[in-house]
Amino acid sequence: MNVYDSARMTDVLAPLGYEPTEDQTQADMVVLNTCHIREKASEKVFSELGRLREQQEENREQGRDLIIAVAGCVAQAEGQVIMDRSPWVDIVLGPQTYHRLPEMVARAERAAAQDDRRYTTNERRLRGFGILDTEFPAEPKFDHLPMPTAQGPSAFLSVQEGCDKFCTFCVVPYTRGAEYSRPASDILAEARKLVSDGARELTLLGQNVNAYHGNAAQGTGTWGLGRLIRALADINGLDRIRYTTSHPRDLDDELITAHADIPQLMPFLHLPVQSGSDKILRAMNRGHTGAEYRAKVDRLRTAVPDLVLSSDFIVGFPHESDADFADTMALVRDVGFIQAYSFKYSPRPGTPASAMESQVPEPVKSERLAILQEELMRQQNAFNQSCIGKTMAVLLDRPGRQPGQLVGRSPFMQPVHVPAEAGTVGDIVHARITSCSATSMAAIPVGKTGHDPLTTDRTCPV
Ligand code: SAH
Ligand code: SF4
């Protein structure tokens, strides 16, 4: 979501003459787009701001300015604290107001023209330099954003934002705000534009993407995600559809049937479960049990036998006992995941779980995380190994590290390195997997390539 937001901020800043640079020392402005989901991510912001202050001073010595903006969820949650602790920051904006960034930058440029940097940082703060906009505007930002441009064969498309579920560990409902679904007609128009720019794969984004219930594109009422995907699949040239992140509670029959019926919908689903213990799932307010999760996975696999799963896990949630953790391990072994993200529980300010008694000691969290990750890695490796010798459709989307090599994604999301000409980025090649590591695979092309009807054939490896 932050990658998508950063791209949209780039879009809104283009008319002001700003363009992205790979070289930070050349920048006239730096926008830090931040994540508040765990403490580690938030802490990084303040250390990075210290470094940026030095660069701002160096720039000044060379007679140019450096505008510093902090965007994203840390900005939303800690806006005033950032302004107070780092008064050299010019702009603090939340995830719902970045369509207003051009206005804010223009104000910051005016302040710079008044030579606001001649004041000490403290004086600057007292003089009211610095812009803070962490509102949740009534009108969604999407109504004010320009149409995006696809930068390659694989593009993100935000369809839903925010969350009303209030899991007891999570800051998202506070930082991203209430759940909102974009109207289906806007999404279809944006998808057609991205495909006409050359995108062949779209990943639909949302904090709770399968809670999608946007206004229908035809007739009255709303569409769920399954219905939306059906309409997207009719777009000529759109060969692959993915979506993330899903909540197990919102995985309905319409979506399961869409997986069975729509070949463009890739057979890989990220479905976070967090824990295998019913006691912990209840305390997390996840709204489902371990058995209900398993039952949904069974239904998915009945509908789509080659579907593979990834997930998110939290270990060391308050009150998590050895037996609760054993339930998580049992679920992992029974369900099987080809990839996963796993985290130690991180108490987040203002969330109910941070105030719960019986916080789990750090060493216990570390020990459980190591055990869990070992099993998850074993499963990931086993899946990758099982792919060796199989042929898969790979969408080539970027240059590899070596010349004469491109990297793409398998239908199951692994990066696949393939010998190929630079000009073939955007092709879907059928490639036989020859070797693998824990996180990627190597393959040689076999059979047809390019824009042909075979391209939606995902060629099941296992
Ligand atoms: N909406 C998704 C998850 C979004 S947050 C869902 O409901 O599943 C992404 C992941 O960050 C979560 O799945 C969770 O595993 C992790 N996470 C969120 N808050 C956390 C916290 N306080 N401590 C540790 N991990 C956390
Ligand atoms: Fe956070 Fe996901 Fe729970 Fe919403 S459903 S509160 S985003 S973990």
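In this predicted model, a nitrogen atom of ligand 1 has a backbone N or O atom of F169 at 3.0 Å, a polar contact (a pair of N or O atoms within 3.5 Å). Local features need pLDDT of at least 70, side-chain atom pairs count only at pLDDT 80 or more, and totals for chains, interfaces and linings use all residues. Residues are numbered from 1 along each chain as written, chains are lettered from A and ligands numbered from 1 in written order, and side-chain values use heavy atoms, leaving out hydrogens and water.

**Around ligand 1**

- Q207 also takes part, with a polar backbone atom 2.7 Å from a nitrogen atom of the ligand.
- R286 uses its side chain instead: one of its polar atoms sits 2.9 Å from an oxygen atom of ligand 1.
- The protein buries 90% of the 550 Å² that ligand 1 exposes when taken alone (Shrake-Rupley method, 1.4 Å probe).
- There are 16 residues around the ligand, and Q207, Q274, R286, D312 and S346 come nearest (a residue is near if one of its heavy atoms lies within 4 Å).

**Nonpolar cores**

- The largest nonpolar core has 53 residues; such a core joins buried nonpolar residues of the types Ala, Val, Leu, Ile, Met, Phe, Trp, Tyr and Cys through side-chain atoms within 4.5 Å, buried being under 20% relative accessible area (1.4 Å probe, protein chains only).
- L204, Y243 and F337 are among the residues with the most contacts inside this core.
- Another core, of 20 residues, lies apart from it and includes M9, A71, M104 and I131.

Methods:
Polar contact = N/O pair within 3.5 Å; in protein donor to acceptor, adjacent residues only side chain to side chain. Buried < 20%, exposed > 50% of the residue type's maximum accessible area, 1.4 Å probe, protein only.
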